[in-house]
Amino acid sequence: MENETILVCKNIVKRFGPVNALNGVDFEVRRGEIRGLIGENGSGKSTLTSIMAGMQKATSGTMEYKGKPWNPSTMEQAQEQGVCMILQESNTVRGCTVAENIFAGQISKFSKFGVVNMKKMTEEAQKLLDSFGVGRIRAADLIDRYTFEDRKMIEIVRSVSADTEILVVDETTTALSFDARELFYKLMKRLAEQNKAVIFISHDMNEILEQCTHLTVLRDGDIIGHLTGEEMRQPGAPEKIRYMMVGREIGDAYYRSDYDTSHEEEVALEFQDVSVGEIKHFNLKLHKGEIVGFGGLSGCGMRLIGRAGFGLEKLTSGSVLRNGKKIKDPLTAIRSGIGYVSKDRDTEALILSASIADNITFPSLDALSKFTFIDPRKEKKLVKREVDRYLIKCNTPRQLVSTLSGGNKQKVSFAKWTAKGSSVIIMDCPTRGVDIGVKQAMYAFIAQMKKEGKAILLISEELSELIGMADKIIILKDFAVSGEFMRSPDLQETDIIGSMI
Ligand SMILES: Nc1ncnc2c1ncn2[C@@H]1O[C@H](COP(=O)(O)OP(=O)(O)OP(=O)(O)O)[C@@H](O)[C@H]1O
Ligand SMILES: [Mg+2]
């Protein structure tokens with residue numbers, strides 16, 4: 001049984017108008033493997049896997065699954081047959097309960113004579129959630145009340161509720177926090193041990209090298225090569241893989257190289273005795289020219305701090321102050337020069353049905369319009385600068401954001417605030433899903449913003465990112481500050497983890 005091929009793609013072509021997303025890809029998945037799929041933003045990873053999982057059709061080419069022609073027309077159909085995909089973007093249905101989301105497509109399991117036994121379905125769903133250690137998510141609740149991260153966990157639970165033969169995981173781990181991620185790796189290993197297969201898409205080289213048994217590299221819609229587990233463990237493998245991805249040498253020094261933690265005296269944003277949700281009496285002075293990082297496990301509260309800073313949460317005591325004025329809501333925040341890169345890019349950060357240009361200029365309208373009409377030349381120049389800076393892969397800036405690959409959407413959500421030149425930027429996982437080349441550009445830009453006297457609040461799941469970029473790192477545990485670390489060449493992840501758990 002082992003190493004038996006389970007799914008084969010032959011000469012898969014996918015075109016979107018003039019864009020060739022896939023140029024005739026041959027790809028095989030075997031039982032017992034966790035196959036990594038890596039490649040720059042827009043290289044075709046989501047397109048290829050979503051064709052296998054029934055989300056969209058190839059322009060041409062054929063597939064075989066368990067020795068038979070494979071041509072699913074919907075995701076539900078593919079899932080029924082055992083091909084299940086966790087999407088890069090959120091894929092839960094609002095207005096439904098958690099249980100309904102978990103068993104979507106399998107409701108018939110719980111119905112008799114057309115009547116659904118909701119109680120049984122909810123109980124089963126709760127059992128599954130409990131078994132994943134996320135019993136705090138209640139199956140009977142409406143899904144709308146849960147955060148992006150929790151909704152991802154619910155999708156993961158859904159993916160195993162079915163009899164999955166092939167699990168496709170598209171960039172899910174960047175949405176999960178440290179502890180949830182460990183849980184998820186175990187799940188992937190278990191599937192592989194049960195002689196099923198996992199296709200794992202990620203931009204995190206270490207994660208790919210640690211978790212995958214095989215690797216395939218894509219570039220611009222072509223497969224560049226495959227690596228076996230042994231080849232992945234050879235010295236120099238990361239450099240080789242990076243070279244395969246981008247076709248040129250890329251160093252791995254992409255964080256800040258300086259250890260200068262000085263900043264200006266002036267306070268840019270102040271949290272004064274702030275209580276929000278379960279966080280009580282939190283104080284922080286963020287200065288001009290300072291980068292303060294926040295880290296911790298899932299649900300530790302770090303995300304709440306960012307949201308409160310942008311006026312998205314109601315405070316139960318204290319205030320968030322900028323230039324002596326209270327930040328009451330996002331509008332006052334934007335007007336006073338605060339920007340916010342949200343982790344939940346599809347519902348909070350971007351207007352998917354608008355163009356790249358409109359998304360980038362939206363918060364800068366003040367700066368572009370003399371009297372109230374917009375100067376089209378200025379707008380064009382500004383948009384071009386941002387598209388070039390972050391290598392946003394598109395045909396034209398007039399293209400709708402909904403047609404961009406995940407990482408390219410993230411670049412737009414970042415550019416939206418940097419274009420405005422906000423003086424304070426709150427970033428919640430700003431590099432989520434962007435490839436190494438662009439990460440490098442974003443980090444260089446964050447370092448430059450510090451030099452220009454901007455104030456930055458960086459919330460991140462990646463300890464290496466916090467160590468690499470922040471002047472000061474604040475760790476939260478159970479909604480309270482549990483550790484503070486200053487930037488230093490000696491600071492290691494192991495020094496910090498202790499205060500997280
Ligand atoms: N609906 C669409 N309309 C037009 N172009 C599209 C559409 N969907 C995808 N594309 C294009 O196809 C190409 C491949 O996109 P895909 O989403 O597969 O990339 P990816 O490798 O998953 O990238 P990322 O790492 O950013 O998620 C991109 O150039 C993208 O803009
Ligand atoms: Mg993708």
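Tutor: Nine residues of domain 1 are in contact with seven residues of domain 3, where contact requires C-beta atoms, placed from the backbone, to lie within 7 Å. On the domain 1 side, three of these residues are nonpolar, four polar and two charged. This is a predicted model, in which local features need pLDDT of at least 70 and side-chain atom pairs count only at pLDDT 80 or more, while totals for chains, interfaces and linings use all residues. Residues are numbered from 1 along each chain as its sequence is written, and chains are lettered from A and ligands numbered from 1 in the order in which they are written.

Let us now turn to a sheet. Six strands form an open, mixed sheet in the order 6-9-10-3-11-12; strands are DSSP runs of E with at least two residues, helices runs of H or I with at least four, both numbered from the N terminus, and two strands pair if DSSP finds at least two bridges between them. Strand 6 (83-86) and strand 12 (222-228) each have a single partner, so one side of each lacks a neighbour in the sheet. From one strand to the next, the twist averages 20°.

Within the sheet, strand 3 (residues 34-38) runs parallel to strand 10 (residues 197-201), joined by four bridges, and Ile34 stands opposite Val198 of strand 10. Helix 1 (residues 45-52) packs on the sheet, touching strands 3, 6, 9, 10 and 11, and its direction makes about 150° with that of strand 9 (166-170). Such angles run from 0 to 180 degrees between N-to-C directions of lines fitted to C-alpha atoms, for helices over the stretch in contact. Helix 9 (residues 237-246) lies across strands 3, 11 and 12, at about 30° to strand 11.

How values were computed:
Contact = placed C-beta atoms within 7 Å. Nonpolar A, V, L, I, M, F, W, Y, C, P; charged D, E, K, R; others polar.
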